[in-house]
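Subject: Structure handover

Hello,

Please find the structure below, followed by notes on what was found in it.

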Amino acid sequence: MAEIIHNKLGVQLGSPSVTGITFIRLFYYIFRLTAIELGIQEFYDSAIILSDLEQKMEILACDASCASIRPSELALVAICTQMDASINKFEDGTQQIHGLVDYAIQLQKLCRVCKSN
């Protein structure tokens, strides 16, 4: 019976489960590599702290109002919200930051967080 439940939930025995923390780490490193390519690593490293994101994700995962939100969506919203809050503090490289925001919008479409046009 346990195997049937695991199969229906998409869990594989002996493998770690994919959680919101998994997605927050994945998105953190995806955005970090993109920031490096855009030349705004300094902005990203000062604005986005992985341990802070992990802590926020744990809090959100325990919040009943977030229970119906997919972990990938929750993680992407958390990291984009953190970036958005830090953009005003960074005056140089505005064009590169817009490139990072555009990248975030594309990820949102891929994760079906928002409707694509």
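A term needed further down: a crossing is left-handed if the near helix is turned anticlockwise from the far one by less than a right angle, and right-handed if clockwise. Helices (H or I, at least four residues) and strands (E, at least two) are DSSP runs, numbered from the N terminus.

This is a predicted model, in which local features need pLDDT of at least 70 and side-chain atom pairs count only at pLDDT 80 or more, while totals for chains, interfaces and linings use all residues. Residues are numbered from 1 along each chain as its sequence is written, and side-chain values use heavy atoms, with hydrogens and water left out.

Overall picture

The protein has 6 helices and 0 strands, so the order of elements from the N terminus reads α-α-α-α-α-α. Of its 117 residues, 30% are buried (buried is under 20% relative accessible area, exposed over 50%, partly exposed in between; 1.4 Å probe, protein chains only). The exposed surface comes to about 8000 Å², and carbon and sulfur atoms supply 55% of it (Shrake-Rupley method, 1.4 Å probe; for residues, only the protein chains shown count as cover). Among contacts with a separation of 6 or more, 74% are between residues 24 or more positions apart (contact means heavy atoms within 4.5 Å).

Helix pairs

Two packed helices are described by the angle between their axes and the distance between the axes. Axes here are lines fitted to C-alpha atoms, for helices over the stretch in contact, and angles run from 0 to 180 degrees between N-to-C directions. Angles under 35 degrees count as roughly parallel, over 145 as roughly antiparallel, 65 to 115 as roughly perpendicular and the rest as oblique. For residue classes, Ala, Val, Leu, Ile, Met, Phe, Trp, Tyr, Cys and Pro count as nonpolar, Asp, Glu, Lys and Arg as charged, and the others, Gly among them, as polar.

H2 and H4: the axes of helix H2 (residues 20-38) and H4 come within 9 Å and cross at roughly 150°, which means that H2 and H4 are roughly antiparallel. The crossing of H2 past H4 is right-handed. On the H2 side the contact is made by Gly20, Ile21, Ile24, Arg25, Tyr28 and Tyr29, and on the H4 side by Leu50, Leu53, Glu54, Met57 and Glu58. This contact of H2 with H4 holds 7 nonpolar, 1 polar and 3 charged residues.

H2 and H5: these axes come within 8 Å and cross at roughly 45°, so H2 and H5 are oblique to each other. Their crossing is right-handed. H2 contributes Gly20, Phe23, Ile24, Phe27, Tyr28 and Phe31, which meet Pro71, Ser72, Ala75, Leu76, Ala78, Ile79, Cys80 and Met83 in H5. By class, the H2 contact with H5 has 12 nonpolar, 2 polar and no charged residues.

H4 and H5: the axes of helix H4 (residues 50-62) and helix H5 (residues 71-87) come within 10 Å, crossing at roughly 135°, so H4 and H5 are oblique as well. H4 passes H5 in a right-handed crossing. Leu53, Lys56, Met57, Leu60 and Ala61 in H4 meet residues of H5 including Pro71, Leu74 and Ala75. The contact of H4 with H5 comprises 9 nonpolar, 1 polar and 1 charged residues.

Two single residues

Phe43 sits in helix H3 (residues 41-47) and counts as buried because its relative accessibility is 2%. From Phe43 to Lys89 is 46 residues in sequence and 9.0 Å in space, C-alpha to C-alpha.

Glu37 lies in helix H2 and counts as exposed, because its relative accessibility is 71%. Glu37 and Leu100 are separated by 63 residues in sequence and by 9.8 Å between C-alpha atoms.

Regards
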